[in-house]
Amino acid sequence: MIQRKDLFSIPFYNKTQYTGSNLGMRYRIEKHVEDDSTTLLATWWPGPYCFTATPDEQKKTNTFEYSDEGIGQACDWLNQVYKENADLFKTVPI
């Protein structure tokens, strides 16, 4: 299970993205700026490969408010995704 405390705070995302994994599920959280809107993008995909080596059609993304609360919501969403797709992640070599 992904813990909120492991996902850092907003100042971290001002500089770079965060990638991690949870038992076969890979994920990435990053700042996204479009026009005058700043949001937090959370993306998950089945491992074992990194973000750039995984085809885009295997990645699923959700948008959250760019705040510490948004990071918590992204954490909850990623944990929910893991529970809903546990059988898919069990087939991933880790």
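The model is a predicted one, and residue numbers follow the chain as its sequence is written.

The largest nonpolar core takes in 22 residues. Leu-7, Tyr-13, Met-25, Tyr-27, Trp-44 and Leu-78 are the members with the most contacts inside it. Leu-78 shows how its surroundings are built: once residues up to four places away in sequence are set aside, Leu-78 touches Ile-2, Met-25, Tyr-27, Ile-29 and Trp-44.

Asn-79 sits in helix α2, which runs over residues 68-84. Apart from neighbours within four places in sequence, Asn-79 is in contact with Met-1 and Ile-2. Ile-2 therefore turns up in the contact lists of both Leu-78 and Asn-79, going by the 4.5 Å contact limit.

On the charged side, the count comes to 3 salt bridges. One of them pairs Arg-4 with Asp-68, with the closest N and O atoms 3.6 Å apart. Arg-4 belongs to the segment before α1 (10-13) while Asp-68 belongs to helix α2, so this pair ties together parts that lie 64 residues apart in sequence. Both partners are partly exposed: Arg-4 has a relative accessible area of 29%, and Asp-68 comes in at 42%.

Another salt bridge joins Arg-28 to Glu-30, and here the closest N and O atoms are 3.1 Å apart. Arg-28 is buried, at 14% relative accessible area, and Glu-30 is buried as well, at 15%. Both values are under 20%, which is why neither residue counts as partly exposed.

Lys-59 and Asp-56 form a salt bridge too, with their closest N and O atoms 3.1 Å apart. Lys-59 counts as buried at 13% relative accessibility, whereas Asp-56 counts as exposed at 59%. The Asp-56 value is over the 50% mark, so the exposed label applies.

Methods: Residues numbered from 1 in each chain as written. Predicted model: local features only at pLDDT ≥ 70, side-chain atom pairs only at ≥ 80, totals over all residues. Heavy atoms only, no water. Helix = DSSP H or I, 4+ residues; strand = E, 2+ residues; numbered from the N terminus. Salt bridge = Lys/Arg side-chain N within 4 Å of Asp/Glu carboxyl O. Buried < 20%, exposed > 50% of the residue type's maximum accessible area, 1.4 Å probe, protein only. Core = buried A, V, L, I, M, F, W, Y, C linked by side-chain atoms within 4.5 Å.
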